[in-house]
Amino acid sequence: MTNLMEIAFFAAGAVAVIATVLAITRLVAVHALLYLIVSLLAVAVVFYTMGAPLVAALEVIIYAGAIVVLFVFVVMMLNLGTAARETESQWLAGRAWIVPVILSALLLAEMIYLIVRSPVPGDTSGVMAPKQVGLALYGPYLLGVELASMLLLGALVGACHLGRTSPARSEVRK
Amino acid sequence: MNGVPMAYGLILAGILFALGLAGLLLRRNLLLILVSIEIMLNGAGVAFVAAGSRWGQPDGQVMFLFILAAAAAEVSVGLALLLTYFHRRQTLDADSMNEMRG
Amino acid sequence: MLQLLWLVPGIPIASALTLALFRLSQRTVAWIGTCSIAASSLVSLLVTISFLNTPPASGAYTQVLWRWFDVSGLRPEMALYLDPLSIIMMVVVTFVSFLIHLYATEFMSGDDGYGRFFAYMNLFVGCMLTLILADNLLLLYLGWEGVGLCSYLLIGFWYRDPANGRAGRKAFIVTRAGDTAMVIGLFLLFHELGTLNIQDLMHRAVQHWPVGSSAALTAALLLLGGAVGKSAQLPLQTWLPDAMAGPTPVSALIHAATMVTAGVYLIARTHVLYSLAPRAQFAVAVIGAATLLMAGFSALTQHDLKRVLAYSTISQIGYMFLALGVGAWPAAIFHFMTHAFFKALLFLGAGIVIESLNGEHDIFRMGGLRKELPVAFWTFLIAGCSLAGLPLITAGAFSKGWIIWGAYSATNGSAGLWAVALSGVFLTALYTFRMIFLVFFGQQNSQVTRKPGQAMIIPCLILAFLSIAGGYIKTPFARFLDAVLPWNSAATPSVSFGENASEGFTAVVFLLGVGLAYMLFLRQRKFAATLTSSAIGSALHRFWFADWGMDWLYDRLFVLPVIWLAKAGKGDRIDGIYTGVGQVNELVWRGMSRTQSGRLRWYAAAIAAGTVVLIGVVLFS
């Protein structure tokens, strides 16, 4: 009988995979985003079962709680309406599925083959406390932290500037 | 207490990544393409965390944090660009951005 | 005085170079062009007088200029050979050329290529004199090719009209066929006899080859091939009527008086060879006889004035060939001389008529010009009578009568050839007076816009005088030439009637011809029209008009197959390789271009596929 962590892992993993599949095949953007949130929450549970409570929390807070919310804001601003649903169903016609499915399946097969043929034994036991992660961050990875903050600054500036193309100006440009 | 074998974690990461790739190639709506990119980034993060946990080092989680920062930065800029494009062209069709061809 | 001989061809060639290299005013060109020929003519007269006063011991004078080259036994020299035959040819050529150059100074005035024209004409005269005075066959061939070149250049002189270029090209190619035969003959002669010096050649031929030997026959026939091409005889006569596309002085000089007689000169020069090959000589006679009849019939149907004269030239050279063929060598040269006079005059007169009517060539659109162009009319009439052979007064009668008599009485003569020559007289009279009546009598159909000036009238008058008086020197002429070209009478005079009887017959036939022309073309023109519109009449008319179908025949036999071969060879497999490389390149380019579709998902798919492939390669290798 496998242990508890494994059962939890499999359950959360299954939810994540199913939610992701649903997320990428929805016709309405908001539905896709909601399924994405479910997937991200399931992945957070997966992180917890692998003994990484910090990133589990961060996954929920930042990924599901900030990034996806940003997506939802944008969808609201776009205000596409119900006509978008018909367009999406047209775009998801039969022939569009062939290449993505084949390529992804091939890639997946190769990766699984890689992982399975010479498995590195060992399992993810041991809980990694947030304290250790913090010590690592402000120790050897200090430079990376600073760089990440610069990256975020850059993204902030960029988004500000791009967002300043106000509707009035873009109308003039038309 | 036994944990999850690393191989399973990696396989889960692979599945999530492949699904993200499939979504990227499948959807024509720019927004959903960005969503698929997020899914791929997330999958990569799962792999990092699984590996870090197996070796008992914090490096995996640190890496995940950096991925998170990068994903946030990329999403914000990407969505700003998407909004600009929508203002201009009133469409979110990825195939309509094909003027650099030939 | 004899040392001045080299100036005779030298002056025209030098003047040709001058005119070619420098751009000069029209007046200067006219002076240089004409005076050079005049000077050459003067020197030739001086040389002749010196020759006659103190004839050289061997009967001939050779002036060696320098050794041309010396290669494995062949060492020709640049040497000029003067004997009675070359004297006569030289004097006639230079004098007639001078008159025609004088005429051309007015005829070609105002033309863009005035300098070019006189440069070509002078070069032509220089080459013709080289041909005549050459001491060996190689130098003769040099002159031969030179006159061929000048003929091509001058026929296509008005090069902006592509038809003129085609006519020049046709002339060049047809004469080339003959020239090739001639060159092979030269190879054969050198190979067998070891020299190309003409006198040596003749001596050695007599020593080494018995009469009737196949080597002599082959060499003679090959040289005959060249002569036939240059002199426009059967079967290579198709180029001369088209050569009338050139300016009229060109037609007068090259295609009437001088170049076309080069073949006659060649055969006369190498007559010893022909004596050694009686069958070849018979071929010459047959060719001459057949040509004179064929061309006569064709001349009867033409309506372009110059084409009538062209066919007439072919026919008269046929007479000369006939004379050569039967062994009446001096008669051929005598006819050459008188023919030069009256044919040049006919062409010059035709030029006056055509210019006066502003370029009208069709005789059916002329008429009644004898009042407006009196000089042209009288000189043309005199020349025409000389051509047809008006007895006793005209030079042509004397020379043609001599040939007709020789066709019967000379070594290879026969009654059949005599009859053919006589019928030729009938045809000649008929077409000549048809031409005269249609152009100068009857109703005037076109307006005269220009009258000729002094420069055009004076040569006509001089040539008219010579066309009458030239015949009276027949006896001293024969004596002069006897050393070189003896008159061979038949061994057994199986003559049933004498020379006077033959002349009588000729006169009668002449009058018959003139009378028929008078009836058909002056009195009742309608009868001629009904003749030509009847079934047989119109068929014959078309047949003779198209030169007995020879152009059509050569087109089918030679021209079209060559063109077909050229086209078939155009799209061959080897070309396919080169174009194939280009096409493959283009295909690849098109394919590569399509990968730059500009679509985001396409590029993403490319990246994904690349990743899959790379991982696969790493995994499975």
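Guide: Here's a look at how H14 and H18 of chain C pack. First, a caveat: this is a predicted model, where local features need pLDDT of at least 70, side-chain atom pairs count only at pLDDT 80 or more, and totals for chains, interfaces and linings use all residues. Residues are numbered from 1 along each chain as its sequence is written, while chains are lettered from A and ligands numbered from 1 in the order in which they are written.

On to the pair: helix H14 of chain C covers residues 305–326, and helix H18 of chain C covers residues 415–440 (helices are DSSP runs of H or I, at least four residues, numbered from the N terminus). Their axes sit 11 Å apart at an angle of about 160° (axes are lines fitted to C-alpha atoms over the stretch in contact, with angles from 0 to 180 degrees between N-to-C directions). That makes H14(C) roughly antiparallel to H18(C), a label for angles over 145 degrees. The crossing is left-handed, i.e. the near helix is turned anticlockwise from the far one by less than a right angle.

Who's touching whom? H14(C) brings residues including Leu305(C), Ser312(C), Tyr319(C) and Val326(C), and H18(C) answers with residues including Leu417(C), Gly424(C), Tyr431(C) and Val439(C) (contact means C-beta atoms, placed from the backbone, within 7 Å). Sorted by type, the residues of this contact are 10 nonpolar, four polar and no charged (Ala, Val, Leu, Ile, Met, Phe, Trp, Tyr, Cys and Pro count as nonpolar, Asp, Glu, Lys and Arg as charged, and the others, Gly among them, as polar).

Elsewhere, 76 residues of chain A are in contact with 63 residues of chain B. Helix H3 of chain A (residues 53–78) gives the largest share of chain A's side, 13 residues, and that side divides into 56 nonpolar, 17 polar and three charged.

Notes:
Helix = DSSP H or I, 4+ residues; strand = E, 2+ residues; numbered from the N terminus. Parallel < 35°, antiparallel > 145°, perpendicular 65-115°, else oblique. Contact = placed C-beta atoms within 7 Å.
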